[in-house]
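Please look at the sequence and the structure before reading on.

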Amino acid sequence: MSQSPTGAPRTRRSVAVLAATAAASLALPLGALAETGPEPATSAQHRDRGGLPLGAPDLPETRETERVAPGVSLTRIVRGDPATTYPWTVEVSIPGGSSSPDPDAPPTALKDRASAEETAADLRAAGFDARVEEVVAEPVADFAGGSLGWRVRVGSFATRAEADDARGRLVAAGHPGSAVYTGWDADADDGPWRIDVLTVDPRHFRGEVAVSLGPDVERRETTSELVAFSGAVAGVNGGFFVLDPRAGAPGDPAGVSVLDGELLSEPVDGRPALVLRSDGRHTDVARLSWDAELRSRGTRLPVDGVNRVPGLIRNCGGLDDTPTSLPLHDVTCTDPDEVVVFTEEFADTTPTGPGVEAVLDRRGRVVELRETRGGAVPRGGSTVQATGDLVPELRRLAVPGARVDVRTALEDERGRTVRPNRHTSVVNGGPELVRDGRRHVTPATDGMVHADNPSFYYGWVHKRNPRTFAGVDAEGRLVLVTADGRGTASLGLSIPEAADVALGLGLEEALNLDGGGSTAMVVGDELLTVPSDAAGERPVGDAVVLLPERSPRGH
């Protein structure tokens, strides 16, 4: 267990050791890991022209800015000619694996060259116009890039309908595939891109910056619903969250969440987070870890999590997780022996199942010991669940009538204690994009490099997708950004491109938030982004919201 807030023996590894372990465990064919260090600054060509460092330097770019509220502006940036078109094609692939039930899980599309050539030969023999293309990733701060593998594509079509028809014939011939717009490739250089930027100037902002999870932690709501629920003037989707019940409680942040100073979800150890103050000042990107324990009658018991289903750790990065205690994005790790604390913000009832659950009143006194898990959390109180080998440990500690102290401590990457107050909110994210005004992209450290699945990096980091990211500029302004994607009117951004855009917007610190179908920006009652999910705007776990002056804060 990790070091307790009072200095009990520590086994949780530091961020530096986690990064070193990740570097040692990730091998070819994904390419060698680079030494962590600063990346190239923004292209001088783009800086001189005044446009975003995105695509060809001489692309047309328009910007329209409007005032949303005192101290809050909205800028719509369109870069490239909206009439630009690219061919459609069919990428031979299989769906994402069972470890990633997320609809954003990228298809398994990359092979070694020999396998790709063999597949293409089989397709050509069956009458399909197949080709093999190498996919090469650029280097970033902690990943050397290089060849990710080879993809197999079939045909070049003017319309999606033609590509879908070819895909149908491929599937009928026993070859799964998906229709792909080639503008979504990272090397398509002409755009168009559509990017929306909310800028909060704390010198003039009189409202509040907050995080909203809706009525409780467990349920999911759209960003539009969270903005309306909070009474906000604007907002964007927040961090990563549990989507599928097999991965935990849908809506539960898959990483750190602090609301009004209260820890509602523990960090994925060492991953970056956006730290917000209600007045918009001192926005920060911080890498957080945590320690927690129960104390009663001279006995201590380590705590594994807050407000999540025991045994299921989305994005991993916990204690004694299987298959890894390192961050591993879009993977649900498991641990049969856990202690998890629940606050009244979680839901009407806590998760059910084998184990025990201690019920604590608002003073921390044990009022009930449930012999199976599941039930209401008392108003102002909490509950503690234990599973597996830790069941007898909790029984011994949580004697009815005894007082149990739940102690948690957040730490930054230097090991300093982070003490949120009621004016502090934190939303999870990753990877980092910008540090100290230079590009600093960290997919390996943050679990987006899967050594046994190069297609994950290809689809999640390398290819263009809708993106949401945030940061702070040199003037201390909070900046919230969305980029539409998975369409023909806006191509989306790769993760390195998102970092370049962040630099182009003048951000000194920035990190990626959740993207894909979760990307959404709402101003007033208008959804500005174009949903990439066929079903429309996706319900998410939380949102960063901008509340008007003297507006009551929403949860």
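## Basis of the model

This is a predicted model, in which local features need pLDDT of at least 70, side-chain atom pairs count only at pLDDT 80 or more, and totals for chains, interfaces and linings use all residues. Residues are numbered from 1 along each chain as its sequence is written, and side-chain values use heavy atoms, with hydrogens and water left out.

## Trp193

Trp193 is found in strand 8 (residues 193–200). Helices (H or I, at least four residues) and strands (E, at least two) are DSSP runs, numbered from the N terminus. The relative accessible area of Trp193 is 2%, so the residue is buried. Buried means under 20% relative accessible area, exposed over 50%, and partly exposed in between (1.4 Å probe, protein chains only).

The side chain of Trp193 reaches the backbone oxygen of Gly492 at 3.0 Å. In sequence, Trp193 and Leu54 are 139 residues apart, while their C-alpha atoms are 8.8 Å apart in space.

## Helix 8

Helix 8 spans residues 495–504 and is largely enclosed by the rest of the structure, because eight of its ten residues are buried. The buried residues are Ile495, Pro496, Glu497, Ala498, Ala499, Val501, Ala502 and Leu503.

What do the buried residues of helix 8 pack against? Their partners are strand 8, strand 27 (432–435), strand 28 (438–439), helix 7 (454–462), strand 29 (467–473) and strand 31 (507–512). Contact here means heavy atoms within 4.5 Å. Gly506 follows helix 8 and has a positive phi, near 85 degrees.

## The disulfide

The structure holds one disulfide, a term that stands for a pair of cysteine sulfur atoms within 2.5 Å. It joins Cys316 to Cys333, with an S to S distance of 2.0 Å. Cys316 lies in strand 18 (residues 312–316) and Cys333 in strand 19 (residues 327–334), so the pair ties together parts that are 17 residues apart in sequence.

The link of Cys316 and Cys333 is right-handed, with 90 degrees about the S-S bond. Both Cys316 and Cys333 are buried.

## Salt bridges

A salt bridge is a side-chain nitrogen of Lys or Arg within 4 Å of a carboxyl oxygen of Asp or Glu. By this rule the count comes to 40 salt bridges. One of them pairs the side chains of Arg153 and Glu91 at 2.8 Å, N to O. Arg153 lies in strand 6 (residues 146–157) and Glu91 in strand 3 (residues 88–92), so this pair ties together parts that are 62 residues apart in sequence. Arg153 counts as buried because its relative accessibility is 1%, and Glu91 counts as buried because its relative accessibility is 1%. Glu91 and Arg153 also belong to a network of salt bridges that links them with Arg131, Glu133, Arg151, Asp185 and Lys463.

The side chains of Arg287 and Glu432 meet in another salt bridge, at 3.0 Å from N to O. Since Arg287 lies in strand 14 (residues 284–287) and Glu432 in strand 27, the pair ties together parts that are 145 residues apart in sequence. Arg287 and Glu432 are both buried. Arg370 forms a salt bridge with Glu368, where the closest N and O atoms are 3.8 Å apart. Arg370 is buried, with a relative accessible area of 13%, whereas Glu368 is partly exposed, with a relative accessible area of 36%.

Methods. A polar contact is a pair of N or O atoms within 3.5 Å; within protein, one must be able to donate a hydrogen and the other to accept it, and residues adjacent in sequence count only if both atoms are side-chain atoms.
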